[in-house]
Amino acid sequence: KNCDVAVVTNVSPDHLGLKGIHTIEQLARVKGVVPETVLPDGTAVLNADDELVYEMRRNLNCNVALFSMDENNTHIKAMQRKGGITAVYENGYVTICKGEWKMRVMKAEQIPLTYGGKAEFMIQNVLAAVIVGHVHGIHIEDMKMALETFIPSAAQTPGRLNLFKFQNFSILLDYAHNSAGMKALKGFSDKLDATHKVCIIAGIGDRREEDNNMIGSIAAEMADEIIIRQDKRLRGKTEAELIKMLEDGIKRTNPNIKTTVIPSEKEAITHAVNTAKKGSLIIL
C-alpha cells in the first residue's frame, strides 16, 4: 500500500516491550515505515524538532517537507536554502515557507485548537496539517476557514483536549496515555489558572513499569492532588501492580501529595466533582 502524503509528528517512549520493540530507536524504525510508503511524487512531512523523526528522511524515495516550532532550526534553514517546503511558528504566526519565501496562514492564538496559543503541541499539529493542505493545492483562505471552524469539543474532537467550564470548576479531558502526551498536557495545564488542580490517572497494563512510573511522576508535577482509577481492561497486570507503579512514580516526585485510589472511573470523576474547590481544575 502506498500514499501521497505521510506525516510523522514525533517518536516517544510508548508501546515499548510489545512485539519485540524494546528501544525508542526500534520504535522509530517501525514508525519510519509510514513515510517510506509515500509515492515518489508525494511528500513526507517530518518534524524537524525531533531528531529521530528527522533521520527518517534518509530512507525515503519522495519529497520531504519539514515543520518546526523554531524558524531558526538548522534543519529548517538548510531545507529553505534548497528551496524546499517548510512550516514554522514565527512571531506568533503559523507560516508556510517555500524556500525562504513566507506565507503567513494565521496567528496561532486565533486557532481554536491551540486554546489561544497555550497548547503548543496543537500548534505543532497545525504546522504539519498546513503543509499537507499546501502540497494538496489547498488555498490559504480555505485552510484559515477550516482552522477557524475546527473547535476542540466533545462534538468535533471527542476525548482529545476538551475543556468543560462549570460554575465553580473546570474539567480538562484528554487521551494522553504516555509520557510525551502527559508532558504536553502538563505544559498546557500549567498555563491555565486554577486555585487547585486534581489529576485523575490510570495505569496501562501492557506498558513497561517505568512508563507507568512516569505517568505518576508527571501527574505529581502537574497537580496538587491525584486520584488513581483503573481501566476496565487491565491488559495483563493486576490492579494492585498498576496502582503500585503509579504510586512509586508519584512518591519519587512529590511524596506528600494527597493521593486517593478509586478504581471505578465513574466514581473517581463523581468524587472529584463533588469535592471540587471553587476555581479548581480537574484533569482527567
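Analyst: Two strands are taken to pair when DSSP finds at least two bridges between them. The model discussed here is a predicted one.

User: In β3, which residue is the bridge partner of Thr43?

Analyst: Strand β2, covering residues 38–47, and strand β3, covering residues 63–68, run parallel and are joined by 5 bridges. Within this pairing, the partner of Thr43 in β3 is Asn63.

User: Which strands are the edge strands, pairing on one side only?

Analyst: The open sheet is built from 6 strands with mixed pairing, in the order β1-β2-β3-β4-β5-β6. The strands that pair on one side only are those at its edges, namely β1 (3–8) and β6 (101–107).

User: How many degrees does the twist average from one strand to the next, and what angle does the direction of helix α6 make with that of β6?

Analyst: From each strand to the next, the twist averages 15 degrees. Helix α6, residues 140–149, packs on this sheet and touches both β5 (93–98) and β6. The direction of α6 makes an angle with that of β6 of about 30 degrees.

User: Is Thr95 buried or exposed?

Analyst: Thr95 is found in strand β5, and among the residues it touches beyond four places away in sequence are Lys102, Val105 and Leu127. Because its relative accessibility is 0%, and the cut-off for this class is under 20%, Thr95 counts as buried.

User: With the side chain of which residue does the side chain of Thr95 make a polar contact?

Analyst: The residues that Thr95 touches include Thr86, Ala87, Val88 and Glu90. The polar contact of its side chain, at 2.5 Å, is with the side chain of Glu90.

Terms used: Residues numbered from 1 in each chain as written. Predicted model: local features only at pLDDT ≥ 70, side-chain atom pairs only at ≥ 80, totals over all residues. Heavy atoms only, no water. Helix = DSSP H or I, 4+ residues; strand = E, 2+ residues; numbered from the N terminus. Axes fitted to C-alpha atoms, helices over the stretch in contact; angles between N-to-C directions. Contact = heavy atoms within 4.5 Å. Buried < 20%, exposed > 50% of the residue type's maximum accessible area, 1.4 Å probe, protein only. Polar contact = N/O pair within 3.5 Å; in protein donor to acceptor, adjacent residues only side chain to side chain.
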